[in-house]
Amino acid sequence: MSVRHRVSLITRITLFTAATAALLCTLVATVLMIAIHRFSTEALTAEIVADSGRVAMQVERGKVAYPLARNPFRHIQVVDSQNRVVVSTPKMQGKPRMATFTPGNRATAESVVCGGVFPPGQCEIVVAQWAYREGGNWIVYCATPVVPLWVDPRLAGLVGGAAVVLTAAITYLGRRIAAESLKPVTAIRAELDEINETSLSRRAPVPSSDDEIHDLAVSINHTLSRLQNAVEQQRQFASDASHDLRSPIAAIRAEVEDALRAPQETSVTKLGRTVLGSMERLQAIVHDLLTIARLDAGSPCAREEIDLAELVAAECRMRRHMRNSCEFSLEPGVVVIGDRLRMGRLLTNLIDNADRHADSKIIIKVRRAPGDECDDRRFPHGTAVLEVIDDGPGIDPDKRESVFQRFTRLDTARNKDAGGTGLGLPIARQIAETSGGTLRIEDSPRGARFVLRLPLHEGAAPASPRDPDLSLRSASPGTRKAI
């Protein structure tokens, strides 16, 4: 793990705040000192110009008053028209002129002069001004040391100290704000650690503030709720699957043990027939479990045009041993897009369920409906409707959704035998939903009415007037009826 990843978020925010504050405070202090330096230089230059003007007036009048400079750091020289220094302050006596430039066409001129008559390494602001006399134009030079960049050590210390204090204050406030802002995150993390060690039923604390951390806590709790539901469903599924698998395995074991204890009372044929029934049930459960696993994994499926009437006809032709009679009302040309194998499995599960619970008759209908019949935007081109109706005892409205839960069997008159695995209807609904449709139980005068709705294929043509009359037709039990 890198050093960057080992540093806490609060420390990183604090370091960033400190660096940014130091940079900004340094910049502000520098700009402030530059402004003060410029202002001081301009003020000092104006003062030098005033002193040189005062001396120039005295030279023009022929009366020079001493001392020439009232400031001990001020240097003044008066140069006549022959470029000779005729008057100067004490420190400039006996020295050549301090500068060679002249005011030119202006009354005054200024420049910074380093070295020369001044000490080595020292620079001074020099102002030159004309003084008019009868013998010619004289020049008054007035000089003073330049203002240092720090202007004054005390001022520089004050500005620098203020910058340091301001940087420290901003850094402290940044750390304080970061720590306070991340307190809910710390609480959420601690609670998640507790949840990992104890139970998924607990939830992360949601801060009262309406910000990103509040939204994070809400999302975490939503994820925990879904995770808890998924884990509970998985546990329930594993428990139910174990129970359903244990029953046929126990039956097989009991038959084999009886045969081993009393081999003279049974035969291989009799034992095989007895065991075969439990093996078929075990095979059906395993097959349904594999189907559900593929659906849960989102395995890719084929996309082809399927005529629901033809699918029902083909499925019923393959059924030779149904306990109840079937009646059909099949509208041709009701085409959907889906996987033919999966749609066949869906239809098989619905018919098996109806045949298991019907008293004497099953009705299968295929029709088209307008898209607004169920007010669902998933059916923009219309709805393909498949209905499977039985005349059994029916299902109470408050229990209709529970039959689509895995391994669910209702303790009612619909539970006539143990032929079902409790997975057929959940598989049928999952196939319907993965195909973009719905599968529900709707009201019926008698029995249960399963209604499958799928998006009608855009290119599906309506039934032609030349199609034969699609009235209800009957097929007796155990026979096939061409449709």
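Trainee: Which residue does aspartate 80 form a salt bridge with?
Mentor: Aspartate 80 pairs with arginine 84, and their closest N and O atoms are 3.0 Å apart. A salt bridge here is a side-chain nitrogen of Lys or Arg within 4 Å of a carboxyl oxygen of Asp or Glu. This is a predicted model, where local features need pLDDT of at least 70 and side-chain atom pairs count only at pLDDT 80 or more, while totals for chains, interfaces and linings use all residues. Residues are numbered from 1 along each chain as its sequence is written, and side-chain values use heavy atoms, with hydrogens and water left out.

Trainee: Is aspartate 80 buried or exposed?
Mentor: Aspartate 80 is buried, at a relative accessible area of 6%. Buried means under 20% relative accessible area, exposed over 50%, and partly exposed in between, using a 1.4 Å probe and protein chains only.

Trainee: How many salt bridges does the structure hold?
Mentor: There are 17. One of them is between arginine 429 and glutamate 401, at 2.7 Å from N to O. Arginine 429 lies in helix α8 (residues 424–434) and glutamate 401 in the loop between β10 (383–390) and α8, so this pair ties together parts that are 28 residues apart in sequence. Helices (H or I, at least four residues) and strands (E, at least two) are DSSP runs, numbered from the N terminus.

Trainee: And what are the accessible areas in that pair?
Mentor: Arginine 429 is buried at 16%, whereas glutamate 401 is partly exposed at 47%.

Trainee: Which residues are joined into one network by shared partners?
Mentor: Those are Arg367, Glu387, Glu442, Arg449 and Arg453. Within it, arginine 449 bridges to glutamate 442 with the closest N and O atoms 3.4 Å apart, and arginine 449 is buried at 16%.

Trainee: Switching to helices: how far does α5 reach?
Mentor: Helix α5 (residues 268–296) has 29 residues and reaches 41 Å from its first C-alpha to its last, close to the 42 Å expected. The expected span is 1.5 Å times one less than the number of residues. Its buried residues include Val275, Leu282 and Asp288. Just after α5, glycine 298 takes a positive phi of about 70°.

Trainee: Last one: how do β1 and β2 run?
Mentor: Strands β1 (residues 75–79) and β2 (residues 85–88) run antiparallel, joined by 3 bridges; two strands pair if DSSP finds at least two bridges between them. Valine 79 stands opposite valine 85 in β2. The hairpin has 5 residues between the strands, and asparagine 83 there takes a positive phi near 65°.
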